[in-house]
Amino acid sequence: MALSRRDFLKTTAAASALSALPAPALAAEDGDTRWTKSVCRYCGTGCGLYVGARGDQVVAVRGDPEDHNAGFLCVKGALLPQILSAPDRLLHPLIRKGNGFQRASWDEAMGLVAAKFQEAIQKFGPDAVGFYGSGQGLTEETYAANKLFKAGLRTNNVDGNPRLCMASATAGYVGTYGKDEPMGCYEDLDHADVFLIIGSNTAEAHPVLFRRIVRRKEAGRNVKVIVLDPRRTATSRIADLHLSFKPGADLAILNAMAHVLFAEGLVDDAFMKDQVAFGEGAEANKTRADYEKSLAACTPQAAAALAGCNAEDIVRAARWFGEKGRTATSLWCMGLNQRTQGVWVNQLVHNLHLVTGKIGVPGSTPLSLTGQPNACGGVRDGGALSHLLPYGRVVANEKHRAEMEKLWGVAPGTISPKPGLPTVDLFRALEDGKLKCLYVMCTNPGQSLPNVDRYRKAMRREGAFLVVTEAFHPTRTSELADVVLPAALWAEKEGVYGCTERRYHLLERAVAPRGEARPDLDILCDLAARLGHGKLLPFKAPAEAWTEILETARGTAYDFSGMTRARLQQSHGLLWPLPSAGHPGTKRRYVRGEDPFVPADHPLRMKFYGRPDGRAVVWFRPQRDPGEVVDAAYPLWFTTGRVLEHWHTGTMTRNCRELRHANAEALAELHPQDAARLGVKDGDRVRVSSRRGAETFRAKVAEGARLGVVFVQMHDPDHLCNRVTHDAVDPVSRQPEFKICAVKLEKA
Ligand SMILES: Nc1nc2c(c(=O)[nH]1)N[C@H]1C(S)=C(S)[C@@H](COP(=O)(O)OP(=O)(O)OC[C@H]3O[C@@H](n4cnc5c(=O)[nH]c(N)nc54)[C@H](O)[C@@H]3O)O[C@H]1N2
Ligand SMILES: Nc1nc2c(c(=O)[nH]1)N[C@H]1C(S)=C(S)[C@@H](COP(=O)(O)OP(=O)(O)OC[C@H]3O[C@@H](n4cnc5c(=O)[nH]c(N)nc54)[C@H](O)[C@@H]3O)O[C@H]1N2
Ligand code: SF4
Ligand SMILES: [Mo]
């Protein structure tokens with residue numbers, strides 16, 4: 001399909017703002033404006049930008065032309081300055097008094113937090129407290145929290161919103177290659193002949209990367225875009241093939257694609273023989289023949305019947321993906337991760353690359369799109385989940401604990417060998433009273449958790465003590481808190497972010513925090529001192545924490561110990577592994593000649609050194625139903641997600657006039673035939689209910705909706721789609737199934 005000019009404009013308009021402006025030189029003066037190098041604080045694309053400030057006000061941002069985004073920003077990034085001075089900025093600490101809040105001094109508020117945590121630990125043990133963090137915190141902040149809780153307070157109850165987001169991608173990578181994180185990079189988008197975009201609305205959720213895909217397609221080398229999404233989306237507009245199917249049927253479709261690849265000889269026999277191992281169920285010692293045998297029944301016809309799509313489309317997708325001599329890159333996001341089969345379906349994407357050998361060459365890579373700007377750098381790499389320790393180490397491994405105890409200077413045996421509670425279990429522990437105190441940083445679980453009313457009650461339970469650090473108040477979480485601490489925002493502090501492609505950036509401070517707000521790192525150091533762990537967090541500045549972080553990464557598969565602060569200051573982002581001062585960084589991991597950990601004389605072109613045998617594993621993973629399926633009582637599928645203009649719970653983007661006006665209220669999109677059957681017209685109020693809860697939305701009758709599927713946007717604090725969603729989790733990643741549940745809909 002050739003893109004019309006109109007389509008091109010429509011799909012890229014969102015990513016053009018500000019790009020035409022001339023770029024300021026590093027930290028140059030421009031009239032009265034000071035320019036400071038930074039990164040967009042929204043999505044995992046991680047666009048480099050400059051922050052322009054006059055006096056103590058941020059007045060503008062400009063895309064960094066020397067960074068991967070080539071100066072481009074989307075509308076959200078372009079409008080960042082507005083959030084800093086929003087009227088609901090929280091400017092001083094608050095302590096709950098009855099049903100309201102009272103202004104408090106920092107000393108009073110922190111004194112209370114410390115006393116409550118101390119009391120809970122003394123009475124009930126370390127696991128009575130917990131930390132719930134974010135893929136939007138700075139690496140230094142998340143590192144400090146992880147260290148304080150795991151090495152100081154001695155609980156592994158450290159989790160965060162990446163559990164709602166990237167946990168299945170992480171477990172997919174680890175299960176297949178032995179280590180987390182994509183091996184490819186954004187440059188691969190410039191070399192891909194085929195894009196397999198599955199469960200990702202890239203145009204709205206990663207607009208600047210989408211622009212790069214469109215540009216590649218415009219270059220006109222017969223580039224094919226395949227989109228697998230139940231809905232027609234802004235992304236599927238550029239698709240040569242859009243496969244719409246019943247939510248949750250991707251496993252069947254991906255297995256059928258693999259079936260076609262084998263049946264039509266589109267596989268790479270040598271690559272499989274040398275570089276791949278096979279597994280099924282929990283067993284890794286299988287053969288290629290076993291795998292092919294398991295695939296035999298996974299025909300396109302069977303998949304199409306189950307999924308409600310055309311068998312020919314599955315065959316076509318497989319042929320395009322597998323065509324010899326052409327490159328293929330796959331991109332996926334929450335349509336795959338937020339599933340009770342999230343890990344399995346991730347692995348089925350990896351399978352396509354491994355059986356065709358389309359991996360580790362420019363243009364061929366399985367590239368999981370990361371949601372948040374620092375879910376990779378801060379949380380996944382930094383090991384700030386309940387089962388992890390920094391840089392590929394895990395709580396359950398005695399040697400890893402011993403390494404971290406040594407690095408952290410605590411006595412052997414300090415770190416508990418028991419993994420902590422992953423997100424949903426953490427909030428359930430608050431519900432059943434086992435967890436007494438929870439510290440929430442840079443996330444809004446009172447709106448973003450699945451089946452949220454249940455956990456909203458848990459946060460307000462008698463005897464539960466909730467501390468929230470927030471830049472705004474009230475939010476749907478801060479309204480539930482016992483103490484709310486005012487946090488400095490993005491341009492008001494300094495630290496490192498790591499985005500989708502293993503690229504680390506330094507964000508420099510442009511202005512002072514407003515009011516009495518403090519950077520989260522300061523607040524954590526203060527708390528540590530009050531809890532008697534000041535020695536663990538002695539950081540006077542984020543740079544001191546960074547120096548320590550470099551040491552914890554040294555010698556691991558993540559080694560970025562050459563990324564000194566000075567180097568980050570000068571660079572426009574650096575990709576790890578980067579194990580020494582002079583090392584240029586690594587675009588393609590596991591690849592001989594590129595990755596410093598693959599010996600130059602390695603006999604094969606790749607080495608998956610995360611696994612003992614150096615091979616990646618192709619797992620056979622059969623189709624399974626989602627955690628809840630439609631039935632007579634709840635006959636419609638319900639799915640939720642994003643729009644271009646808004647960021648998650650809307651606390652920031654709803655503070656931008658233009659974005660708020662562009663999209664004010666979350667709509668429930670439904671197919672014209674569903675609407676007609678239910679007597680619903682565009683703009684009517686509808687009540688959507690599931691077995692867990694109900695919410696009303698304004699209806700949008702949308703041609704692009706799939707028959708039988710309702711989609712609701714998640715940004716609206718006044719219409720909580722998470723009252724309806726399902727809190728069932730993937731058995732391995734523990735990531736909840738936000739993308740699929742069963743509902744009924746009636747006119748309100
Ligand atoms: N504008 C904006 N951009 C963002 C964010 C934001 O809040 N706003 N948040 C960031 C974050 S943290 C994240 S995680 C990403 C999320 O980015 P995406 O995952 O791209 O966004 P979503 O809209 O959540 O979901 C993507 C698609 O999954 C589809 N889907 C639903 N069920 C299924 C299924 O069973 N199979 C398949 N294949 N697809 C399905 C939905 O129809 C939807 O179009 O966006 C990041 N970027
Ligand atoms: N229904 C449904 N629910 C979902 C999803 C879905 O697809 N559907 N997606 C899930 C996913 S993938 C994600 S990532 C989550 C996101 O869910 P959340 O993390 O809960 O959403 P955000 O709005 O990003 O919340 C970040 C909060 O941090 C505050 N903040 C900003 N900067 C700072 C700072 O520097 N310090 C501090 N302390 N606070 C700050 C913001 O004001 C905001 O309230 O939502 C999940 N929930
Ligand atoms: S694409 Fe993502 S990182 Fe880039 S400007 Fe937009 S929101 Fe920010
Ligand atoms: Mo996310």
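**Notebook: ligand 2 and the cysteines**

I began with Asn444 and found one of its backbone N or O atoms 2.7 Å from an oxygen atom of ligand 2, a polar contact being a pair of N or O atoms within 3.5 Å. I note that this is a predicted model, in which local features need pLDDT of at least 70, side-chain atom pairs count only at pLDDT 80 or more, and totals for chains, interfaces and linings use all residues. Residues are numbered from 1 along each chain as its sequence is written, chains are lettered from A and ligands numbered from 1 in the order in which they are written, and side-chain values use heavy atoms, without hydrogens and water.

I then looked up side-chain contacts. Thr443 places a polar side-chain atom 2.8 Å from an oxygen atom of ligand 2. For Thr651, I also read 2.8 Å between a polar side-chain atom and an oxygen atom of ligand 2. Of the 920 Å² of accessible area that ligand 2 has on its own, the protein covers 99% (Shrake-Rupley method, 1.4 Å probe).

Next I listed the shell. There are 34 residues around ligand 2, and Gln136, Asn444, Ser448, Glu470 and Thr649 come nearest (a residue counts if one of its heavy atoms lies within 4 Å). By class, I recorded 14 nonpolar, 14 polar and 6 charged residues in this shell.

Finally, I checked the cysteines. I found 0 disulfides in the structure (cysteine sulfur atoms paired within 2.5 Å). Cys43 is buried, at 11% relative accessible area, and Cys74 is buried, at 9% (buried means under 20%, with a 1.4 Å probe and protein chains only).

Conventions:
A polar contact is a pair of N or O atoms within 3.5 Å; within protein, one must be able to donate a hydrogen and the other to accept it, and residues adjacent in sequence count only if both atoms are side-chain atoms. Ala, Val, Leu, Ile, Met, Phe, Trp, Tyr, Cys and Pro count as nonpolar, Asp, Glu, Lys and Arg as charged, and the others, Gly among them, as polar. Buried means under 20% relative accessible area, exposed over 50%, partly exposed in between (1.4 Å probe, protein chains only).
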